[in-house]
Amino acid sequence: MLIRLAASLCFLALFGAPVFAEDFDLTKAKRTYKDFCSHCHGIDMVNPGTSSYDLRKFPADQKDRFYTSVNKGRGDMPAWGDILLPDELDLLWKYVVTRGGKEPLPKEEAAVPATDTDQTQQHGSLTTKPGTLTACLAKNGGVMSSRRAKGGAGLDYALVTALADQMGLALEVEWFESEQEEESTPIRELYALLAYNVCDVMPGFALYETSLSAFYKTRAALPRYDNKPAHLGPEFQVDLEPISVSDPYARMEMGVVYRTPEFEREITQIADMEGLKIGVEQGTLAGVLTLRQGTSKMVADSITANPGPDFLWKMEQGAFDAALVTVGAYDFHKKQNFVSTLALDEYRHPIGFNLSVAMLKSRRDLLDQIDPTINAMIADGRMAALAKKNKVTFSSPKEPWVQSNLTMEDILLRR
Amino acid sequence: MKYNCIKRLGLTATIIFGVANAGAVYAQTADELKNDTSDPSSILTYGMGYGQQRHSSLDMVNADNVGKLAPAWAYSLADTRGQESFPMLYDGVMYVTTHNSTVALDAVTGRQIWKSVIEYPAETPRVACCGIVNRGSAIYGGRLFRTTLDAHVIALDMETGEEVWRTKSIDYKAGYSMTVAPTIADGVLITGISGGEYGIRGYLEGYDPDTGERLWRTYTVPAPGEPGSETWKDGGDAWQRGGGPTWLTGSYDPELNTVYWGTGNAASWNAGLRPGDNLYTSTILALEPKTGAIKWHYQTSPNDPFDYDATNELVLATIDGRKVIMQANRNGFFYVLDRTNGELLAAPQFIDKVNWATGIDLATGRPMDTEVATKARTGEQVTYYPSAFGGKNWSPMAYNPDSNTVFINTFKDVGMQYKAVEPQYRPGVFYFGAEFAWAWPEGDRGELRAIDPMTGDVKWADSSALPRLAGVLSTAGNLVFTGGQTGEFEAFNAETGEALWSFNTGSGIVGQPVTWEKDGKQYVTVVNGAGAVYALFSGDERLATVPPGGNVWTFALVE
């Protein structure tokens, strides 16, 4: 709950609360109406002298009729079902039924308050599809998530399965392909997928201060995902929205990987690797830390290589003897290569990131069930067991839960 | 698309009108088109002559007897969209278009000869920004040419209404549509495209009228490396969605063998994202009709943030011995150019309130921007005048060459609150890149003005509560005709501006009046039918009691 509070405060401080925050975003609804409806139904729904339906008179109790007419078209009106997004249609309905924000939402449209007795209704209002929890998982997420012919594998997949189970919901996974490019980082992909309502929740969110706030009110491209509509080209960008995050469920750490024949020493810091041929993973935090915290002799003799699965394979082939990498990368390498001479030292670098489950801020009521489940799973050892089953070297979350922005001082001195 | 939708009244009607038209030759020659203004018994070119002066030498109906003008007939177009069609007339048959039909009528009786229905995909109206309209046709060699909302160009047999050929210009789903009346110049069928609010890349096209084969396409936004591309300095792909639509019919000077065509706003409206002048958006183009090659260009609104199209009609005239081209631009200035070379001769302000520029520098031809323009480009909120409706919207003006007077329906003191925002591109969805709202004046919103084109001096003005969106017609009978959005068809004394006559047509008028003569009798025709840009975008409740529904109205003096 602490993080949720911190994240919420952060957004409030930065951007202020929208007027109808608890009901719907009127500004966005107005823009959606202008973009899709105004050229026939008129600005502010006033369309004097033309033949288009006067939306100000649309019966507030005929929501189904509205959705059907908009999706499928009616009379002269074209169908919009193939181009409007579900949340856009909801916004349009709310815009129309509140007469453009001038009247309050009818009672049944306002957010349904959670009650202990009516779980079903609560779920219906919290997830995109009633009775289903949708999660976005990366197909190429290494030991954390990967797609299988039926279902998936990995700790994140196991986690969302357990969460859906606990909430009494069916699980649906939207598999996406994480694309590491200049324009698209994993964090922007996550924001885009959530803002586009592709899924309710996304695990694997690294709790880093900047990631929690910096992307709201900007845009990002959607990664490829299985059910991505064909008309959304790669240039299509999504308006990002504020997110909320769960309590952390695991920790992403960096450790020293070494080739077993050449290694006999105790590591307490990076500099202890002096004398070994060191690999530097280019362009990653681990690489930067190696260069900044290693001794000058170490650095001078080091070998720089591209990041990704090839990095550890190079080491396997003898290009270097030891390197600082994320533990997940090591786990993935071991999973992919049954025969391997690489081993992971017990040493962990003090800089690490706790992992949490992210969702749109508007769905933060899901946290009432997600947070207790996660905490119980850590406390009773289920999380560690799931990790082990999925060949993930598990580390429990550590304080502070949200890693503050890394400074040069951190990079030089936190060792 | 399979297409065969000819409807006729039936055998009887065919025989009757077959007889009435016996001996008619459905072949308009190039010479006939050139001399359209000298023969008042026909209307063969959009704007009543290639120069689009909308002035007739007829004076049988005049300021003295216009009080006796009365309806001769009306014909229902059976359509509730806004009607903007320019009627064509040849050999006693009138041709009128709507978005979904073309009709041929006996001009004297108003009886239907044929009706040819147009079908287009039901989703097409998504990409029509400002009304489901059509502005008319071109006729040549026994064929009628028109465009369709889903961006096809078609040719119909003028005698039967049967489709002769159909060519797809482009996929409408990407935001392109066609409402423009095409034109014929030097034997080439030339057409433009709509979609400036949908992130299109505008163009003009030439077609072979015989076969429908596309002869050329000239983009109004150059690709990188092409001439003019140096005026797109964003370094990215802004040009691909750069706008520059060509949705109003151009003019043609047969002597210079040059077509003049105005282009629309650059897209998105957020000008800060496309630094540079952004040629050839908001530009007057002079083109070679056979090839589409650009001979010269004059840009009215460089790096335009305000939706100031330069699409408005280009009226050809000879003033002080010079061959000129005139345009009442959206941006509030009245441009007079030497049409042989594009040199700017005059650019007076033709409405009262303009705050985005202090004037047009006659030496450089460029607007002298105010802080309003510079702030708008850097994303600050501004209130600018005139609004995106413009000092004048699309509805065409008339020019009386005898009195050297232009008659224009203007917007009066209407401004716009505006702030550029980051646009989001989705094919076929509005691509504004700006938040905006109207800034209305307290009183009247429109004014019919009679002005001197070189000075902008106002000879007279008639203001109206609602702006008039109809075309204007001038006649040698010392008359000016136009219409109101509340349905009145009106006549004014061209010298004094005195309102002489008015008739309530039953639905708002946003169409284009014409006048013609048959068997020694003068007729005045206008298509009514409320709707289109103002009705859709103003939110003006005062139009609530004006019903839609298009009719072709024809008037003559009561005998």
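Two strands pair if DSSP finds at least two bridges between them. Strands here are DSSP runs of E with at least two residues, helices are runs of H or I with at least four, and both are numbered from the N terminus. Keep that in mind for the sheet below, and for the rest of this predicted model.

A word on conventions comes next. Residues are numbered from 1 along each chain as its sequence is written, while chains are lettered from A and ligands numbered from 1 in the order in which they are written. The model is predicted, with local features needing pLDDT of at least 70 and side-chain atom pairs counting only at pLDDT 80 or more, whereas totals for chains, interfaces and linings use all residues.

**A sheet in chain B**

In chain B, 4 strands make an open sheet with antiparallel pairing, in the order S27-S28-S31-S32. Its edges are strand S27 (398-400) and strand S32 (458-464), each of which pairs on one side only. From one strand to the next, the twist averages 20 degrees. Strand S31 (residues 446-451) of chain B is joined to S32(B) by 6 bridges, and within S32(B) the bridge partner of Ala450(B) is Trp460(B).

Over in chain A, strand S17 (residues 353-360) is mostly covered, with 8 of its 8 residues buried (20 or more other C-beta atoms within 10 Å of the residue's own, C-beta atoms being placed from the backbone; 12 or fewer means exposed, and in between partly exposed). The table lists pairings of S17(A).

| Strand | Bridges to S17(A) | Sense | Residue pair |
|---|---|---|---|
| S6(A) | 4 bridges | antiparallel | Ala206(A) and Leu355(A) |
| S10(A) | 3 bridges | antiparallel | Val245(A) and Ala358(A) |
| S11(A) | 3 bridges | antiparallel | Met252(A) and Phe353(A) |

**Helices of chain A**

Helix H13 (residues 327-336) of chain A is also mostly covered, as 7 of its 10 residues are buried. Among them are Tyr330(A), Asp331(A), Phe332(A) and His333(A). The buried residues of H13(A) pack against several elements of chain A, including strand S11 (250-252), helix H12 (309-316) and strand S16 (342-348).

How do helices H4 and H5 of chain A pack, and at what angle? Helix H4 (residues 63-72) and helix H5 (residues 86-97) meet at about 125 degrees, with their axes 11 Å apart. Axes are lines fitted to C-alpha atoms, for helices over the stretch in contact, and angles run from 0 to 180 degrees between N-to-C directions. That makes H4(A) oblique to H5(A) (angles under 35 degrees count as roughly parallel, over 145 as roughly antiparallel, 65 to 115 as roughly perpendicular and the rest as oblique). Contact here means C-beta atoms, placed from the backbone, within 7 Å. Lys63(A), Phe66(A), Tyr67(A) and Val70(A) of H4(A) meet Leu89(A), Leu92(A), Trp93(A) and Val96(A) of H5(A).

**Val533 of chain B**

Val533(B) lies in helix H4 (residues 532-537) of chain B. This residue is buried, because 21 other C-beta atoms lie within 10 Å. Leaving aside residues up to four places away in sequence, Val533(B) touches Cys130(B), Gly131(B) and Asn393(B). The C-alpha atoms of Val533(B) and Leu469(B) are separated by 8.9 Å, although the two residues are 64 residues apart along the chain.

**Between the chains**

Finally, the contact between the chains takes 32 residues from chain B and 24 residues from chain A.

Definitions and conventions:
Contact = placed C-beta atoms within 7 Å.
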